[in-house]
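Hi,

Here is the structure I promised to pass on. Have a look at it first, and then read my notes below.

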Amino acid sequence: MTTVKEPDLDLAAPKPDELAAVLLATERPPRPSALSASFSFGWRAVLKIKHVPEQLFDVTAFPIMMTLMFTYLFGGALAGSPTQYLQFFLPGILASSVVMITMYTGVAVNTDIEKGVFDRFRTLPIWRPAPMVGYLLGDVLRYLIASVVIMVVGLILGFRPDGGVGGVAAGVLLLLVFSFGLSWVWTMFGLLLRSEKSVMGVSMMVIMPLTFLSNIYVDPSTMPGWLQAGVSANPISHLVTAVRSMMSGTWDGGAIAWTLIAAAALTAVFGTLTMRLYNRK
């Protein structure tokens, strides 16, 4: 029987110096910038909506339901007619609906923590706040969708803003800026609390007094004096006043300034607390 001799193959492992030379010769990809990383995580939040479209229920069906219910149930009693009440009420329900939606940012953060996704984020060579900023950037799209839905419904029902398209756009933009700042509060709760039910419970406990003890639904002048003082100090009241003034074309500079100051303060205080909790998580 003839035996065929196989050719000799050099299977020797590379020497350490050769391996090091190969690794050094390979260029590493550049580290993503803070803006690029933040937008990448924001896009991740948008893709969640694509794969689970039911998430849009709270920015479509809920605002429509609230607008119709308050307009036709209370409009006649509070302003004489639903159409007349709508001119006062629509900027308020716009602010109220978007503010309520902000709490879902904290729920999303808490859900990712429970699933262990944040452990992966912490190992990535990226700007540390990028995941948090990404959540908020993704939710800005949700706020914008809710604003558009409410404005379309309002226009169909008879709302006519004297400030025109420019005033409406400016009011919505101011609302988005304030909501971005307020969302940092819920991201802190999302990191601090143990379950998404706890996040929703605490968030609602904070949001409900803020929205109902404000000038969203009725004129504060009809309230008792002691309650008027609390309503006038409420940042949601300043927000609603500012949005109303922009949409009516009168532009209340004081209310606009207070709203921007509140948004900056919320971002500075709760954004800092959120990142401290995130780094220690």
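Which residues in the largest nonpolar core touch the most other members? They are Phe178, Tyr217 and Met247, in a core of 41 residues. By nonpolar core I mean a set of buried Ala, Val, Leu, Ile, Met, Phe, Trp, Tyr and Cys residues joined through side-chain atoms within 4.5 Å. Buried means under 20% relative accessible area, exposed means over 50%, and partly exposed is in between (1.4 Å probe, protein chains only).

Before going on, a word on the source: this is a predicted model, where local features need pLDDT of at least 70, side-chain atom pairs count only at pLDDT 80 or more, and totals for chains, interfaces and linings use all residues. Residues are numbered from 1 along each chain as its sequence is written, and side-chain values use heavy atoms, with hydrogens and water left out.

Helices H3, H4, H7, H8, H11 and H12 each supply at least two of its residues, and H4 gives the most, with 11. (Helices are DSSP runs of H or I, at least four residues, numbered from the N terminus.) There is also a second, separate core of 16 residues, with Ile113, Ile126, Met132 and Leu191 among them.

Leaving out neighbours within four places in sequence, its contacts (heavy atoms within 4.5 Å) include Met66, Phe70, Tyr85, Phe88 and Thr211.

Now for the salt bridges, meaning a side-chain nitrogen of Lys or Arg within 4 Å of a carboxyl oxygen of Asp or Glu. The whole structure has two:

- Arg44 pairs with Asp112, with the closest N and O atoms 3.1 Å apart. This pair links distant parts of the chain, helix H2 and helix H5, 68 residues apart. Arg44 is partly exposed because its relative accessible area is 23%, while Asp112 is at 3%, so it counts as buried.
- Arg142 pairs with Asp139, with the closest N and O atoms 3.6 Å apart. Both lie in helix H7, three residues apart, or about one turn of the helix, and both are buried.

Last, the surface. Leu141, Leu144, Val148, Val152 and Ile156 form a nonpolar patch there, with about 430 Å² of accessible area together. Patches like this take residues with over 30% relative accessible area and no salt bridge, nonpolar side chains (Val, Leu, Ile, Met, Phe, Trp, Tyr) being joined within 5 Å. Leu141 sits in helix H7, and its 34% relative accessibility is why it counts as partly exposed.

Cheers

Notes. Patch = residues over 30% accessible without salt bridge, like charges linked within 9 Å, V, L, I, M, F, W, Y side chains within 5 Å. Areas by Shrake-Rupley, 256 points an atom, 1.4 Å probe, with all protein chains shown as cover.
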